[in-house]
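Biologist: I am new to this structure. Please take me through the terms as they come up.

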Amino acid sequence: MKPYVHQMKYIAEIGYGFGYDCGIEDYKVVAVINSEEYLNVSYVGVYTLGSDSWKTISSIPYKLAKGYNNVRFPVFPGVFLNGALHWLAQSFSGNGLQVLLSFDMKDEIFAEIHQPENLDKFDYKFVGLLGGCLCMLCSVGFEVWVMQHYGVRESWTKLLEMDQLMTVDIPSFHYLRRTVSLRNGEILLEIQLDAGDKMDGGEDTAIIVYDPKWERTRIVKILLKRIENFSPGYILRKLYEIDSYVESLVSVNPGSYTGAMPNKK
């Protein structure tokens with residue numbers, strides 16, 4: 001894949017994802033590249049850690065949808081669940097609406113997953129995980145949809161909406177970026193605040209907690225985006241994000257693992 005990338009003159013967008021292939025018991029990095037030279041397809045490459053090798057597997061008629069970080073080389077992290085990576089993508093064919101795209105790490109094939117109905121009205125949509133389920137984060141206003149049974153269209157359920165979040169006293173919500181399910185049943189939410197009249201168009205981040213049992217919200221912290229002069233004509237933006245992880249005994253180093261060594265008899 002790296003030699004192939006080097007052959008491209010103009011790379012418009014690069015998306016990526018990281019996950020585990022249970023078939024070969026190894027980790028993979030997936031890259032989805034859209035080049036200005038090839039406007040109607042994106043090229044897909046897979047790097048396997050165990051063999052330390054890249055391969056180009058296919059071209060797809062999709063372009064990964066932009067998130068909020070609209071810079072020259074935007075990043076599109078895939079959401080890993082149920083042995084597959086997930087992105088929102090724009091189809092080069094059909095009506096041009098966004099689709100929910102999955103990539104099976106074992107079989108290395110793409111497929112579309114049905115989304116909840118009537119989400120086209122939202123300006124911002126992100127894929128996430130909540131309580132071990134795939135979810136859709138929709139703004140503006142706010143809705144959080146959860147797919148309670150993976151791959152079953154009818155299992156999409158609306159978990160949150162605007163009125164439940166507006167009880168917290170913070171100014172000018174912009175869009176909901178990420179959710180994390182806590183052990184006590186509460187939900188941690190990362191919300192980007194409206195940039196207002198900031199000249200650089202940057203946004204501050206609010207971290208709040210929502211209690212679904214009592215339908216209450218509270219502020220954990222507001223993180224202010226810091227702007228620093230980097231060099232003439234450039235600025236360095238310090239951005240904040242939250243994320244979750246799952247502990248594993250499978251090491252990312254090929255042929256190794258963590259934990260206690262097995263007893264030998």
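Modeller: First, a definition: buried means under 20% relative accessible area, exposed means over 50%, and partly exposed lies in between, with a 1.4 Å probe and protein chains only. This is a predicted model, where local features need pLDDT of at least 70, side-chain atom pairs count only at pLDDT 80 or more, and totals for chains, interfaces and linings use all residues. Residues are numbered from 1 along each chain as its sequence is written, and side-chain values use heavy atoms, with hydrogens and water left out.

Biologist: Why does tyrosine 27 count as buried?

Modeller: Its relative accessibility is 10%. The cut-off is under 20%, so tyrosine 27 is buried.

Biologist: What makes phenylalanine 18 partly exposed?

Modeller: Its relative accessible area is 39%. That lies between 20% and 50%, so the label is partly exposed.

Biologist: Why is the pair of phenylalanine 18 and tyrosine 27 called stacked?

Modeller: Rings of Phe, Tyr and Trp (its six-membered ring) pair if their centres lie within 6.5 Å; planes under 30 degrees apart are stacked, over 60 edge-to-face, and the rest tilted. The whole structure has five aromatic pairs. In this one the centres are 5.3 Å apart and the planes are at 5 degrees, so the rings pair and are stacked. Phe18 and Tyr27 also form one aromatic cluster with Tyr20.

Biologist: What makes S16 mostly covered?

Modeller: Strands are DSSP runs of E, at least two residues long, and helices are runs of H or I, at least four; both are numbered from the N terminus. S16 spans residues 205–211, and seven of its seven residues are buried. Thr205, Ile207, Val209 and Asp211 cover one side. Ala206, Ile208 and Tyr210 are buried on the other.

Biologist: How do you know that S15 and S16 pair?

Modeller: Pairing needs at least two bridges found by DSSP. Six bridges join S15 (residues 187–193) to S16, so the two strands pair. They run antiparallel. Glutamate 190 stands opposite isoleucine 207.

Biologist: What makes a set of residues a nonpolar core?

Modeller: The members are buried Ala, Val, Leu, Ile, Met, Phe, Trp, Tyr and Cys residues, joined through side-chain atoms within 4.5 Å. The largest here has 19 residues. Leu189 and Ile191 are among those with the most contacts inside it. S15 gives the most to this core, four residues.
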